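Hi,

Here is the structure we talked about. Please have a look before reading my notes below.

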Amino acid sequence: MITLKINGLDVSVEQGTTLLEAAKFLGFPIPTLCHMEGLSPYGACRLCVVEIGEGPKAKLVSSCTYPAEEDLRVRTASQRVLRARKMILELLLASCPQSKIIQDLASAHGIRQQRFKQEHEDCILCGLCVRMCAEQMVAKAIGFRNRGQNRSIGTPFDVKSDVCRLCGGCMYVCPACQLRCTYNEPEKAICGGCANLTPPCVDKEQFNDMMCYMDPCVACEIKKD
Amino acid sequence: MKQDAVVSNKDSIKSQEQVDSEYILRVLEKHDENHGELIAILEEIQTEYGYLPEEALRIVSDKTNRSLVDIYAVATFYRTFSLKPKGKHLVCACLGTACHVRGAPRIIEEFEQQLGIKAGQTTEDKEFTLETVNCLGACALGPVVVIDGYYFSKVKKSKVTQLLDKAIKGFDELEIGKDKRIFPVDVNCPNCNHDLKDETFEVDGCPSVKLIISLDHKEGWLRLSSLYGSCNFSTEFEIPEGKVMNFTCPHCRKKLHSTSNCSMCGAPMISMLVSGGGIVSICSRRGCKNHMLDLI
């Protein structure tokens, strides 16, 4: 067993436990986007940053990937952490302004205005769908492609994958688009997940091609009716 | 809509060069089936086809038990790999900081204009592919342009047309008469010391060197250029590329012996005497251009 201090409280956890799990055990809330139980930790969204160490050696780490260490001092809501988290959320909000999950998180962290240009990228490259496809569905139909600013998620050669079973797992876990995540009943299929009167995602051209790796796309079929 | 995309994609595969699955299998056999050799496999396929055909990646995925997604991720991650066919000649212009401030963007613009393509594209006749690179490590020589592996330094806008013309002709072609590395030599037979010069037959506009060659019980003359550095010659009968020939003196009819083996291909080097003192050696393999001159 490893004993560490989180926000001044002692906690004993088993070897290999991450800081996120330890904090959850104590009940300290840490917001996450790319973390999901049952999927391997990835550390892509950086939203779960916590501060470890003391004094000048203190640093920010992503709690979902950092394993608990003996006598570690962790602060989940210090000024530095909150500032970093706020900036990350602002950037995420700029790249995916239509996401209800990100809007809620931003609102909860007191973001009242947007300083960055909205990009409407429709994907934050959190890799949830890729891990869902590979680890839970054991299909490996979608994955990361290219690199740098051209990095994207999709099927090889942009054609329907032979190994895709149309399970919809990728759509279910996606935090960037509410239409696909929330509704499985046709009558509720008008999005509105972001609580906008005119949801920006519905108006967007080629909406049915966005992030949807299924053929035919379940959500788009619903929308047509 | 998506269905259409799938169909049109299949059509485009058919129109492309057919992928030889036997070749891919041979490549795979050479490499360990375990992980860690994917890049080596892809590199070899790219050398063969000039790009990575979709069909080839599917075969690799099938045979190595890797998912196509992983292979595609690697193939799109590295800039070496291309999923689109490349042109016969690769023009690579440096856009590093040093080249940039010395006017590389204007040179790339000129290339784009002359070829009618944008950087990263291939001309329609599949002759040229224009690429940019972020640094070639020769910053003092900027702007640097690499065409088919040949480096050109301090490239000016006015030199672009010349470079493209040269690329089509090939850069290893020597300009006889202009190049200082080419000069005439008189050679004698090492056995009978008879002059091998043949005034009646000219190669490169100079009297040639006459020898008798034999290959597979066939015998005939071979006339070499007497210019050292020129690899031009003519023969009585066609010699297949890569064949090693036997050389005989046309005067004493004795075989010309070799003293060493070619450092490039391993075939015997044929030695002849140079009048004035010295030995000139040429490789006996057709197509190998290795030659050496030892002056005493």
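**Notes on the model**

A:Met87 is partly exposed, with a relative accessible area of 35%. The model is predicted, so please read everything here with that in mind. A:Met87 sits in helix 2 of chain A, which covers residues 79-95. Together with A:Leu91 and A:Phe116, A:Met87 makes a nonpolar surface patch of about 240 Å².

**Chain A overall**

Chain A has eight helices and seven strands. The chain counts 225 residues, and 49% of them are buried. Its accessible surface comes to about 11,900 Å². Carbon and sulfur atoms account for 51% of that area. Now the contacts in chain A between residues at least 6 apart in sequence: 55% of them join residues at least 24 apart.

**Salt bridges**

How many salt bridges does the structure hold over all chains? There are 17. Three of them are described here.

Start with A:Glu51 and A:Arg80. Their side chains meet in a salt bridge, at 3.3 Å from N to O. This pair links distant parts of the chain, 29 residues apart. A:Glu51 is in strand 3 of chain A (residues 49-52), while A:Arg80 is in helix 2 of chain A. Is A:Glu51 buried or exposed? A:Glu51 is buried, because its relative accessible area is 9% and the cut-off for buried is under 20%. A:Arg80 is partly exposed, at 34% relative accessible area. Both residues also belong to a network of salt bridges, in which A:Glu51, A:Glu54, A:Arg75 and A:Arg80 are linked.

Next, chain B. The side chains of B:Lys197 and B:Asp186 form a salt bridge, again given as 3.3 Å from N to O. B:Lys197 lies in strand 7 of chain B (residues 197-203). B:Asp186 lies in the loop between strand 5 (183-184) and strand 6 (187-188) of chain B. The pair therefore ties together parts that are 11 residues apart in sequence. B:Lys197 is partly exposed, with a relative accessible area of 34%. B:Asp186 counts as partly exposed too, at 33%.

Strand 7 of chain B also takes part in another pair. B:Arg223 and B:Asp198 meet through their side chains in a salt bridge, at 2.6 Å from N to O. B:Asp198 is in strand 7 of chain B, and B:Arg223 is in strand 9 of chain B (residues 218-224).

**Helix 7 of chain B**

Does the length of this helix agree or disagree with what its residue count predicts? Helix 7 of chain B has 12 residues, 104-115. At 1.5 Å a residue, it should span 16 Å. Its end C-alpha atoms are 16 Å apart, which agrees.

The buried residues in helix 7 of chain B are B:Ala104, B:Ile107, B:Ile108, B:Glu110, B:Phe111, B:Glu112 and B:Leu115. An α-helix has 3.6 residues a turn, so residues three or four places apart point the same way. What covers the buried residues of this helix? The cover includes strand 1 (89-94), helix 6 (97-101), strand 2 (128-133), strand 3 (145-147) and helix 8 (160-169) of chain B. B:Gly116 follows helix 7 of chain B, with a positive phi near 70°.

**A hairpin in chain B**

Strand 13 of chain B pairs with strand 14 of chain B (residues 268-274) in the antiparallel sense, over three bridges. B:Ser258 stands opposite B:Ile270, which is in strand 14 of chain B. The hairpin has six residues between the strands. In this hairpin, B:Gly266 takes a positive phi near 90°.

Two residues to check in your own viewer. A:Asn146 has a phi near 60°, a positive value in a residue other than glycine. A:Asn146 is found in the loop between strand 6 (143-145) and strand 7 (152-154) of chain A. At 31% relative accessibility, A:Asn146 counts as partly exposed. B:Arg253 also has a positive phi near 60°, and is likewise not a glycine. B:Arg253 lies in the loop between strand 12 (246-248) and strand 13 (258-261) of chain B.

Best wishes

Terms used. Residues numbered from 1 in each chain as written. Chains lettered and ligands numbered in written order. Predicted model: local features only at pLDDT ≥ 70, side-chain atom pairs only at ≥ 80, totals over all residues. Heavy atoms only, no water. Helix = DSSP H or I, 4+ residues; strand = E, 2+ residues; numbered from the N terminus. Buried < 20%, exposed > 50% of the residue type's maximum accessible area, 1.4 Å probe, protein only. Patch = residues over 30% accessible without salt bridge, like charges linked within 9 Å, V, L, I, M, F, W, Y side chains within 5 Å. Areas by Shrake-Rupley, 256 points an atom, 1.4 Å probe, with all protein chains shown as cover. Salt bridge = Lys/Arg side-chain N within 4 Å of Asp/Glu carboxyl O. Pairing = 2+ DSSP bridges. Contact = heavy atoms within 4.5 Å. Expected span 1.5 Å × (residues − 1).
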